[in-house]
Amino acid sequence: KACTTPTIATPAQGDSEGPQAAVAATAAQDCFNWGYDPLHFNAPEGSFATDASDGAKRIIELRQMVMALHKAGLRVGMDVVYNHTSASGQHAQSVLDRIVPGYYHRLNANGVVERSTCCDNTATENRMMGKLMIDSVELWAKHYRMDSFRFDLMAHQPRPVMEALQRRVNTIAGRHVNLIGEGWNFGEVANGARFVQASQLSLNGSGIGTFSDRGRDAVRGGSAGDNGDAQVRNQGYINGLVYDRNALSTATQADLLRTADMVRVGLAGSIRKFQMLTYIGERKTLEQIDYAGQPAGYASEPSEVVNYVENHDNQTLYDSHAFKLPVGTSTEDRARVQMLGVAITALSQGIAYFHAGIDVLRSKSMDRNSFDSGDWFNRLDWTYQTNYFGTGLPPKGDNGASWALMQPLLANAALLPTPADIAFARDVSRDLLAIRASTSLLRLRSAPDIRQRLTFPNSGPGQNPVVLVGHLDGKGYPGANFNDLLYLINVDKLAHTIALPEHANKAYALHPVQAASTGADARVRDGARFDPANGSFTVPARSTAVFVVR
């Protein structure tokens with residue numbers, strides 16, 4: 001049946017309730033699909049096809065799309081959702097439960113289907129459900145040539161099943177296939193209650209990657225579960241913690257120092273055995289540093305960690321900063337703050353993961369859960385004229401409790417970035433990707449490589465906490481292209497100079513990407529400096545500078 005598109009009066013002003021009401025009225029029938037309601041795990045989604053009613057076209061056109069992307073030099077990763085289905089029991093969209101009732105879904109002690117994932121949980125610990133998942137991934141790898149897979153709520157699946165899946169898909173592809181997923185530890189399977197999970201801590205040593213909340217929360221501030229005033233009060237490392245307080249901040253200097261250390265954990269790929277001098281002067285491995293009662297360093301190898309600061313869940317980075325930055329922060333500085341988050345991800349060891357639109361300051365008008373919010377709240381402007389901030393209050397169901405906080409922000413036209421701000425962010429993002437691609441030093445292949453080649457000058461009790469400094473030794477390393485690489489990330493509103501005498505008399509120069517006339521950040525090109533006489537580096541306000549020695 002044909003889908004519908006809600007009618008929304010334009011322009012929708014800032015804090016209007018109208019757009020979300022129109023979206024809610026047609027949410028079950030609109031043309032938007034986030035893809036998280038699986039029906040047939042092995043059938044291509046109809047919206048990719050010119051004729052969804054023609055199964056052959058679905059198959060052929062998806063294969064053609066993947067082929068075209070491969071010809072363009074791109075690899076294709078597939079987002080897969082095996083942890084739940086959209087329905088169970090005798091519901092019209094219940095496929096598995098109507099074949100073998102009570103088998104394919106995970107039940108509680110009363111025989112009721114568990115729904116900790118907000119949908120009907122599958123039981124991949126049961127042999128045939130586990131086999132279904134493995135066979136399905138094999139199909140996508142073999143017949144559609146998918147290059148990698150990202151698993152939704154992967155910790156709801158057993159580690160042994162994921163390891164069997166890894167072996168199978170590697171065999172089919174004739175190479176290692178990257179598997180990453182959400183390793184969040186919660187629900188009826190939490191802490192290994194039913195099996196050894198494919199979770200952050202339990203996957204240690206498997207080579208399968210999980211998204212890291214260590215660096216994410218330190219960079220953004222607070223946590224994904226924050227509500228009310230906490231969304232404002234809990235500033236993060238790049239959006240003002242202590243050095244640019246907002247009206248509700250109560251953070252201390254110790255909070256800033258501790259947070260800077262946690263960002264370094266992320267920059268080091270959260271590698272368990274990596275050693276670092278902490279802000280209190282103790283040399284510790286990352287697994288000895290506490291993160292909410294867990295080891296901050298939880299990965300054995302860089303393939304086991306996915307670094308990111310923004311994803312489809314929760315507010316976008318721009319929207320989070322709308323809460324946390326002082327209201328008077330210019331849109332130029334808001335763009336710069338966003339690029340600090342992109343830089344930290346790009347310079348981190350492990351897998352770098354970027355959400356669509358992070359490079360163009362994407363906003364969802366502060367929506368924290370846009371899975372069913374339609375195109376209005378999920379759209380992207382590829383003409384780079386707007387980021388859609390302030391196009392109405394987000395859907396009431398998940399956001400209504402924060403409407404009072406959102407209303408004055410969404411109504412404030414001064415928070416809407418200009419096309420120049422968006423173009424700046426886009427071009428800086430591209431430069432950072434080019435820098436990451438220019439050297440294997442930002443993609444070190446093993447934990448021993450990271451331990452041997454990465455150090456953090458300007459750490460420990462005497463550090464300047466608003467400047468992160470990382471040094472990478474490239475001598476003799478395949479693909480390094482530089483003998484030394486040193487990056488400085490200055491989150492402050494002021495320029496800073498960091499003295500590193502051990503680097504005196506070296507031939508450091510700004511990375512060619514940033515030094516070129518085409519470099520996106522003129523502030524860095526003109527203001528980042530190195531003094532070989534004393535080994536001091538100057539980095540402008542709210543900027544990232546990368547220096548190299550050939």
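Visitor: How are helix 9 and helix 13 oriented to each other in this predicted model?

Guide: This is a predicted model in which local features need pLDDT of at least 70, side-chain atom pairs count only at pLDDT 80 or more, and totals for chains, interfaces and linings use all residues. Residues are numbered from 1 along each chain as its sequence is written, and side-chain values use heavy atoms, with hydrogens and water left out. Helix 9 (residues 331-346) and helix 13 (residues 419-437) have axes 10 Å apart and pack at an angle of about 15°, where axes are lines fitted to C-alpha atoms over the stretch in contact and angles run from 0 to 180 degrees between N-to-C directions. Angles under 35 degrees count as roughly parallel, and helix 9 and helix 13 are therefore roughly parallel.

Visitor: Which residues of helix 13 make the contact with helix 9?

Guide: Contact means heavy atoms within 4.5 Å. On the side of helix 9 the contact is made by T331, E332, A335, R336, M339, V342, A343, T345 and A346. Helix 13 contributes D421, F424, A425, V428, S429, L432 and R436.

Visitor: Is the crossing of helix 3 and helix 4 left-handed or right-handed?

Guide: Helix 3 (residues 127-143) and helix 4 (residues 159-173) pack at an angle of about 25°, with axes 9 Å apart. A crossing is left-handed if the near helix is turned anticlockwise from the far one by less than a right angle, and right-handed if clockwise; for helix 3 and helix 4 the crossing is right-handed.

Methods
Helices (H or I, at least four residues) and strands (E, at least two) are DSSP runs, numbered from the N terminus. Angles under 35 degrees count as roughly parallel, over 145 as roughly antiparallel, 65 to 115 as roughly perpendicular and the rest as oblique.
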